[in-house]
Each structure stands twice: as structure tokens, then as C-alpha cells.
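Biologist: I would like a close look at a single part of this model, with the surroundings described carefully enough that I can follow along on the screen.

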Amino acid sequence: MIFFGKKKEKKPHKEIDIKKEIKKAEKEESLWIKCSSCQELLYIKEVERNQHICLKCEYHFPISVENRIKLTFDEGSFNELFGSIGPVDFLKFKDTKSYKARLEETQEQVKRPDAVVCGHGKINGIDVLTAIFDFSFMGGSLGSVVGEKITRTLEAGAEKRLPVIIFCASGGARMQEGIMSLMQMSKVSGAIYRLKSTKMPYISVLTDPTLGGVTASMGMLGDIIIAEPKAMIGFAGPRVIKETIKEELPQGFQRAEYLLEHGMIDMIVSRKELKRQLSTLLKLILS
Ligand SMILES: [Zn+2]
């Protein structure tokens, strides 16, 4: 009889590499994206294959400037204009961080000097000038560089007698530039007037989101105003309006479909149809 056996050795717990697990989870999570309109969890690759459109509700996710160029302009036809204009921190503005530091950080991240890319390209063979907002650069805010580049594009349109299309995606004016940012609204509006006086068309394409000073100037001044499905378009955000008027806002308030119903925009066009639709409109107007 054995009274005292050899004590069973406990197996050591397998050490969990926390860092590795977090990385793995992050990697898995980055494969999925939540639709901000219908809340559906979507496989990113599938959304990308669908031109960044929600497979369930047709919400159009914001896209990069490069993707916009690829989707809209004939291959190899796009040439950037005024690319060397960069911002200046003339107010020496500082909130939690200085404007200068914020700019440098964003420029490094986004790899461009400011929040708009302007250029010349062809849409199904038709020459157009364009300005495309980059929302990833400080929320596509309208600062003095954005205003200047768009003004020059519109003036080039008037001079060369070319149509201009602006793709808007912006949170509004850039508060770090104070009044200099606000005056861009009237500057751009004046340039739109000069283009229109040459009988050249100006088309605005409003994408999610288009707000504040951008809506209140170039956004709503298009001869034809096009919006992408379910895009939020407005001046102040819905929360501010709700708190100010102390009333419940109607269903779909400030969405493209609501604006179309109330006569604020001319048409809603799917990204898949936009190039064809733009070239049809331009052909009709220019013929
Ligand atoms: Zn959706």
C-alpha cells in the first residue's frame, strides 16, 4: 500500500501574450466597418468592392480624393493645379494645441498641404476643372488655402471657359483662422458669380457630410446641385438646432433625401452613376 505518492506537478499556466492578443483583436476588428446610417456591421473588403457604398442601405461612405479622381475622371487625364499653396498661421492661434503644430501633424498624416485638391481632368472626354475636398484633413475645413485654391479654379474656369465641379465634404469654416476663414465664403461666391457670367456651368456635388460655411457658399450655389445618397447636408448640426428651437426634428432631417423632397437640391445620384450623369449634364449644357 502506498500512502505517500509523488505529488502531481501542476502544469504551469500558459502565459498569454497580452500585446499579441490585442494586436490580433485590432486586426480582426479592422476587417469590419459599421454603417453610420443603418448600423449594419459590414466586411470592409466587400464595401470597398462596392465603391464604398453600404450593401444594405446604399449609404455612401466618405472616399479619398484619389478614389474620387479614379471614379470620376478618364484614366490618366487628371492634372493637379495650385498644389504648392500651403497654409500660414497668421493669428498664432492656440487651443489645446497650437494651429501650427496641428497643421504639421495633419500634413504629415494626410500627405498634402491642406484640405482641398484642385485640378483639370476629362469626364468622358469633356474638359472640366474641379476642386475635391479632403475630409480627413481637419474635417475638410474651409480655411484661406482652401478658399484661395477654389477661387483660382473658378477663375481659371471663367478665363478658359471650362465648367467647374466642386465635390464638397466639410465640417465648415476653419475656426483656427477666424475671420480669414469666414471671408472665403464671400470670396468663393464672388468667383462663382464671375464663372456664371461667362455662361459656364458650375456643378456642386455634396457628399457626407457637407456643413457650415461650405454649404452656405459653394455648396448651395451650384447651377445644378447633386448629392450622394443619405449625405448629411446642412448649416448647423442637428443637435445644435434641436437645442436651440427645443423641438424634435423630423425624420431624416438634413439628409439628402429630405433636402430633395423640400426642393433644396436638384438630384441624388449614386456614386456608380455619377460619372455618366455628370457627362450627360455637361453635354446638354455645353451643346
Ligand atoms: Zn447602411
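Biologist: Where is the place of Pro 209?

Modeller: In this predicted model, Pro 209 sits in strand β7, which covers residues 202–210, and the peptide bond that joins Asp 208 to Pro 209 is cis, with an omega of about -10°. That deserves a second look because most peptide bonds are trans. Several residues in this stretch are touched by Cys 168, whose contacts, leaving aside residues up to four places away in sequence, include Ser 204, Val 205, Leu 206, Thr 207 and Thr 210. Cys 168 also touches Phe 133, Val 214, Met 218 and Gly 219.

As a general background, nonpolar side chains in soluble globular proteins tend to be buried together.

Backbone geometry also draws the eye at Glu 58, which is not a glycine and yet has a positive phi of about 70°; Glu 58 lies in the loop between α2 (44–49) and α3 (65–72), and it counts as partly exposed because it has 18 C-beta neighbours inside 10 Å. Lys 246, likewise not a glycine, has a positive phi of about 50° and is found in the loop between α8 (238–245) and α9 (256–261). With 6 other C-beta atoms within 10 Å, Lys 246 is exposed.

Methods: Residues are numbered from 1 along each chain as its sequence is written. This is a predicted model: local features need pLDDT of at least 70, side-chain atom pairs count only at pLDDT 80 or more; totals for chains, interfaces and linings use all residues. Two residues are in contact if their C-beta atoms, placed from the backbone, lie within 7 Å. Helices (H or I, at least four residues) and strands (E, at least two) are DSSP runs, numbered from the N terminus. A residue is buried if 20 or more other C-beta atoms lie within 10 Å of its own, exposed if 12 or fewer, and partly exposed in between; C-beta atoms are placed from the backbone.
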